[in-house]
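Here's a quick briefing to read alongside the model. Have the 3D view open and follow along.

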Amino acid sequence: MLCCVLASSGLPSHHAPNFLHCVGHLNGGSFRGMTGALRSLVEELEQDRSLDEPDRLCRRVEALDRLEAYLIGGNESNGAGIHHRARALYTRLEAANSELFRAIRDEIQRGAGPDILLRRHDAGRARGEGYDYLDELIIGVLQFGEPGAGVVPLGAEMVFYQPTPARHIFDLIGRTALTERDVLVDLGSGLGHVPLLASICTSARTIGIELESAYIDCARQSAQGLNLNNVTFLQQDARTADLSVGTVFYLYTPFIGTILRAVLDSLRREAASREIRICTFGPCTPTIAEEQWLEAIGASDADRIAVFCSRN
Ligand SMILES: C[S@@+](CC[C@H](N)C(=O)[O-])C[C@H]1O[C@@H](n2cnc3c(N)ncnc32)[C@H](O)[C@@H]1O
């Protein structure tokens with residue numbers, strides 16, 4: 001399933017090639033061992049009816065991951081019957097996920113409150129890199145189309161697209177306590193996970209600024225499909241964007257070097273006339289932490305989104 005998270009995010013999967021490499025070196029005995037292990041797994045999962053309960057997403061994603069390890073590139077001539085059962089189980093669990101995502105989308109389209117997504121997040125878990133079941137949830141709910149072939153290579157000092165893991169977005173939403181007076185601006189918003197989630201989970205206005213027009217199209221379609229009207233996506237270079245409406249800015253290391261410097265200078269000019277907050281994630285955080293006009297809010301933790309407030 002994590003392969004799916006990456007594929008749907010326009011990122012390469014690192015799981016499959018390693019696994020195929022392993023499979024290629026297995027001898028007949030190992031294949032029989034794998035078939036036996038798959039049989040035990042299928043029997044265990046078939047008996048666990050709790051996996052069909054809509055809210056058991058975390059356990060289902062874990063079960064799908066375990067099944068996937070056997071089904072990707074597995075040799076089906078050994079134990080075709082058990083592979084067939086494993087595939088049927090896989091399809092059943094995926095259908096349960098799709099049903100959950102459809103139900104949540106329905107509620108959001110009808111204007112559900114923030115709790116529809118926030119209650120699925122455990123605030124203590126927002127640490128580290130990597131994706132988890134919350135990313136499956138977000139991809140299932142936001143339903144991005146494929147960006148298409150139009151993605152243009154980025155210039156020097158610009159960082160390729162990678163979405164912020166969902167648990168960190170929920171962490172950002174919780175720690176910034178955005179209100180209807182806030183405007184959250186994601187600088188380099190990619191497919192729009194951050195503005196879209198913040199628009200579902202808060203009363204703030206949200207804006208995504210992104211250079212790549214194919215990502216902007218996907219983000220707008222996602223917002224439209226969910227009837228979200230407090231989120232806007234603008235195809236712009238962050239260096240020339242109008243930052244005057246933002247109260248909270250987010251940067252998941254979208255650029256480095258002179259581009260980051262230029263955008264920080266723009267933000268500093270904004271901060272001269274009003275208080276702003278800046279949230280950062282990834283390698284840009286230590287650079288931004290050195291800005292004298294910013295003060296960190298809370299303890300610094302390299303594994304987590306950092307929040308800064310402008311000094312007045
Ligand atoms: C690491 S991704 C972050 C995506 C998104 N903020 C998130 O957290 O899910 C960086 C994004 O910044 C965009 N980007 C890079 N340089 C940019 C620039 N000068 N202006 C606007 N967007 C830019 C890239 O196209 C990419 O989508």
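Setting aside its neighbours within four places in sequence, I259 is in contact with E157, M158 and R239. I259 belongs to helix 11 (residues 257–271). Keep in mind that this is a predicted model.

**Around I259**
- I259 counts as partly exposed because it has 19 C-beta neighbours inside 10 Å, and the cut-off for buried is 20 or more.
- D237 is 22 residues away from I259 along the chain, and their C-alpha atoms are 9.9 Å apart.

**The ligand shell**
- The ligand has 26 residues around it, with M158, T164, G188, G190 and P254 coming nearest.
- Sorted by class, that shell is made up of 14 nonpolar, seven polar and five charged residues.
- Helix 9 (193–201) and strand 2 (205–210) each contribute at least two of the shell residues.

**The sheet and its helices**
- The open sheet has seven strands in the order 3-2-1-4-5-7-6, with mixed pairing.
- On average, neighbouring strands here are turned by 25° against each other, direction ignored.
- Strands 4 (248–252) and 5 (277–281) pair in the parallel sense over five bridges, and V248 stands opposite R277.
- Helix 8 (166–176) lies across strands 4, 5 and 7, running at about 160° to strand 5.
- Helix 10 (213–225) packs on the sheet too, touching strands 2 and 3 and making about 165° with strand 3.

**Confidence**
- Mean pLDDT for the protein chain is 88, and 87% of its residues reach 70 or more.
- Residues 2–26 have pLDDT below 50, and this stretch has 28 contacts in the model beyond near neighbours in sequence.

Conventions: Residues are numbered from 1 along each chain as its sequence is written. This is a predicted model: local features need pLDDT of at least 70, side-chain atom pairs count only at pLDDT 80 or more; totals for chains, interfaces and linings use all residues. A residue is near a molecule or strand if its C-beta atom, placed from the backbone, lies within 6 Å of it. Helices (H or I, at least four residues) and strands (E, at least two) are DSSP runs, numbered from the N terminus. Ala, Val, Leu, Ile, Met, Phe, Trp, Tyr, Cys and Pro count as nonpolar, Asp, Glu, Lys and Arg as charged, and the others, Gly among them, as polar. A residue is buried if 20 or more other C-beta atoms lie within 10 Å of its own, exposed if 12 or fewer, and partly exposed in between; C-beta atoms are placed from the backbone. Two residues are in contact if their C-beta atoms, placed from the backbone, lie within 7 Å. pLDDT is the predictor's confidence in each residue, from 0 to 100. Two strands pair if DSSP finds at least two bridges between them. Axes are lines fitted to C-alpha atoms, for helices over the stretch in contact, and angles run from 0 to 180 degrees between N-to-C directions.
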